[in-house]
Amino acid sequence: MARPVTVGLDGSPESMAAAGWAAHEARSRGAPLRLVNAWPGPDQMELTPGREAAWHYWAERALRSARAELDADHPELAILTDQIPGWPAPVLLAEAERAQLLVVGSRSIGAVAGFFLGSVGLELAARAVTPVVLVRSDGHEARDGDVVVGVEPGEPGEDILEFAFDAAARRGGVLRAVYASRVPAIRGDAPWVVDVGLNDARKEAEHALNEVLAPWRNTFPEVRIFEEIASDSPARRLVGAAAGTALMVVGRGPRHVGFGPRLGPVTQAVAHHAACPVAVVPQR
């Protein structure tokens, strides 16, 4: 059996939206869907027997309800459920090692700055060995359409591009490859010197982006590609490109830091602010 698409389910509207998105994704991949709930176990001293029993009942009910709803919508899909004692982040990180994809819900963007990514989602996106997709609950259900990928020529990105091209191929849409960077300041007194410098910088950027995408054009000839080069903040450009998009794909490299898991500034900004599902793909 193919490795599953795994969802962290806690009964919240966000996790139910994640489960619905994951069901579509699992069906498109020909994979089973696995619903996982992490619930406190007996090794947690502050949990009384009564509270543990209540939590167990609530978690079981959430899984049963989610499975019944998804069975009705996707009768052909194999759906597995499991309750696993432990804190959510460690449980789901272990589950990610056996999954094609890990999907979790994320809180809706509010009026204050839009930081909807909780500490568990942040840790999973920063540490999981498999891609993590963050799904909001406010109307951004799974659908076919364009996929956007952030590209940074000169940096490792094979795993990120493979994921993005595959996602675009399965959705039958367009892959928008966005390369945004600040154009270096060009010194000179004459206006035409500046113009020539800017044109040269753009040609270099076009060449670099084309070289990065060329091998994947051959591997996925059915995918239509739209290349976008902008002199802008990469984070701002990608967040802007997320509107009306089926999926945003960004990457992260292996990060061995002493202060816990971290995402790069662009990936973190996109994860916090993009108005669509966001796939964070680890680059090996």
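Q: How much space lies in the largest pocket?
A: Rolling a probe the size of a water molecule over the atoms shows where empty space is left. In this predicted model, where local features need pLDDT of at least 70, side-chain atom pairs count only at pLDDT 80 or more, and totals for chains, interfaces and linings use all residues, the largest pocket holds about 750 Å³ of space. A pocket is an open set of points on a 1 Å grid over the protein atoms alone, where a 1.4 Å probe fits, with protein on both sides within 12 Å along at least five of seven lines; its volume is the space filled by probe spheres set on the points, which are joined across faces, edges and corners.

Q: Which element gives the most to the lining of the largest pocket?
A: Helices (H or I, at least four residues) and strands (E, at least two) are DSSP runs, numbered from the N terminus. Here α6 gives the most, with four residues, and the elements that each supply at least two residues include β6 (147-150), α5 (158-171) and α7 (234-241).

Q: How many salt bridges does a search of the whole structure find?
A: Side chains of opposite charge can pair when their charged atoms come close. With a salt bridge taken as a side-chain nitrogen of Lys or Arg within 4 Å of a carboxyl oxygen of Asp or Glu, the search finds 15 of them. One of these joins E76 to R27, with the closest N and O atoms 3.6 Å apart. This pair links distant parts of the chain, since E76 is in the loop between α2 and β3 (79-85) and R27 is in helix α1 (residues 13-29), 49 residues apart.

Q: Why are D71 and R67 separated by about one helical turn?
A: D71 and R67 form a salt bridge whose closest N and O atoms are 3.6 Å apart, and they are separated by about one helical turn because they are four residues apart in helix α2. D71 counts as partly exposed at 30% relative accessibility, and R67 counts as partly exposed at 32%.

Q: Which residues are linked in a network of salt bridges?
A: The network links E25, R29, D166, R170 and R171. In another salt bridge, the side chains of R237 and D232 meet at 4.0 Å, N to O; R237 counts as partly exposed at 31% relative accessibility, whereas D232 counts as buried at 12%.

Q: How many aromatic pairs does the structure hold?
A: A pair of aromatic rings is described by the distance of the centres and the angle of the planes. Rings of Phe, Tyr and Trp (its six-membered ring) pair if their centres lie within 6.5 Å, and planes under 30 degrees apart count as stacked, over 60 as edge-to-face and the rest as tilted. The structure holds two such pairs, and F165, W216 and F220 form one aromatic cluster.

Definitions and conventions
Residues are numbered from 1 along each chain as its sequence is written. Side-chain values use heavy atoms; hydrogens and water are left out. Buried means under 20% relative accessible area, exposed over 50%, partly exposed in between (1.4 Å probe, protein chains only). On a 1 Å grid over the protein atoms alone, a cavity is a set of points where a 1.4 Å probe fits but cannot get out, and a pocket is an open set with protein on both sides within 12 Å along at least five of seven lines; lining residues have an atom within 4 Å of a point.
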